[in-house]
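Me: I'm about to go through this model. Can you walk me through it, terms included?

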Amino acid sequence: MARKRSKRNKIPIPDKYILLALSVICVIMMVLSYTTDILDGPPQAIAGYTVIPFQKAISYAGSWLFDRSESIRELETLRAENEELKKTVDDLTIRINDLTTDKYELAELRQLMSLDERYSDYPKIGARVIGKDAGNWYSTFLIDKGTGDGVKVNMNVIAGSGLVGIVTSVGPNWATVRSIIDDDSNISAMVLNTSDTMIVTGDLELYSNGSIRFSDLRDDDGAVAAGDQIVTSQISSKYLPGISIGYIKEINNDSNNLTKSGYITPVVDFEHLDIVLVVTQMKQTKE
């Protein structure tokens, strides 16, 4: 039992003490080797069996310790280089993300500039989307501009290639926007090339297929077809005229044979909204 405890409690000897002991033995062996070179006969033969093996062992031990110390230094160097590489990769990743964000924002700003030029007759201010209702679509959302910036209820909001929606409530530095895909949205619209009027209504369930609904289209001449552009009409009480809504995707005759209805593909991507333009000019006339 005592032997087992002594083995468990044995303290390992550090490498530097082993190297020191081997060095001392090496010196002794060198002295003995020098002495045996002077002597002839049996002492020299004895040295051949004792000194030389010790010298070989010491040489091997010294080489092993040297190689081990070199390996440790190389490992420490590799660790330092690895940490430096990790830091470089992290910095590059951040930089790439920043460049990607800048590229996306630049493309969006260019699109808004093009939209601003298209509706140059209307004064506008830019606003950033800061919140939205739950769900995939921006049916209602918050922007970071309010009464302090001149935003008012019923101001039109545009983005992408056309109409996004209308301001429904305003605070000092925020405003709520209801988009044209919302279930409560109704817009007096018209076909751009024929001026035939219709009602465009939001439908979140329908928009999951990329469409919204239109109805009450009077097309006595049958001139309206899929692909025609739909814009806000002159007779709307809230929406300024001529703002693009989308393109007819499908058109059908109603059961009364007097009107037509169908589906429109909006020009705005209501899954990705970041920056919008608020048209600060209000519609003055009423239906």
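Me: What are the ground rules for the model and its numbering?
Reply: This is a predicted model: local features need pLDDT of at least 70, side-chain atom pairs count only at pLDDT 80 or more, and totals for chains, interfaces and linings use all residues. Residues are numbered from 1 along each chain as its sequence is written, and side-chain values use heavy atoms, with hydrogens and water left out.

Me: What does Asp203 form a salt bridge with?
Reply: With Arg213; the closest N and O atoms are 3.0 Å apart. Asp203 is in the loop between β7 (197-201) and α4 (204-207), Arg213 is in strand β8 (residues 212-217), and the two are ten residues apart. A salt bridge here is a side-chain nitrogen of Lys or Arg within 4 Å of a carboxyl oxygen of Asp or Glu. Helices (H or I, at least four residues) and strands (E, at least two) are DSSP runs, numbered from the N terminus.

Me: Is Arg213 buried or partly exposed?
Reply: Partly exposed, at a relative accessible area of 31%.

Me: How many salt bridges in the whole structure?
Reply: Four. One of them joins Arg128 and Asp274, with the closest N and O atoms 3.0 Å apart. Arg128 lies in strand β1 and Asp274 in the loop between β11 (260-266) and β12 (275-279), so this pair ties together parts that are 146 residues apart in sequence.

Me: And the exposure of those two?
Reply: Arg128 is partly exposed, with 32% relative accessible area. Asp274 counts as buried at 17%.

Me: What about Lys145?
Reply: Lys145 forms a salt bridge with Asp144, and the closest N and O atoms are 3.6 Å apart. Lys145 is partly exposed at 21% relative accessibility. Asp144 is partly exposed too, with 28%.

Me: Switching to the fold. Which strands close into the barrel?
Reply: Six of them, in the order β1-β2-β5-β4-β3-β12, with antiparallel pairing. The twist averages 45° from one strand to the next. Axes are lines fitted to C-alpha atoms, for helices over the stretch in contact, and angles run from 0 to 180 degrees between N-to-C directions.

Me: How do β1 and β2 pair?
Reply: Antiparallel, over three bridges. Two strands pair if DSSP finds at least two bridges between them. Gly131 has Leu142 in β2 as its bridge partner.

Me: Where's the nonpolar surface patch?
Reply: At Ile130, Leu142 and Trp174, with about 260 Å² of accessible area together. Patches take residues with over 30% relative accessible area and no salt bridge; like charges are joined within 9 Å, nonpolar side chains (Val, Leu, Ile, Met, Phe, Trp, Tyr) within 5 Å. Ile130 is in strand β1 (residues 124-132) and is exposed at 52%.

Methods: Accessible areas come from the Shrake-Rupley method with a 1.4 Å probe; for residues, only the protein chains shown count as cover. Buried means under 20% relative accessible area, exposed over 50%, partly exposed in between (1.4 Å probe, protein chains only).
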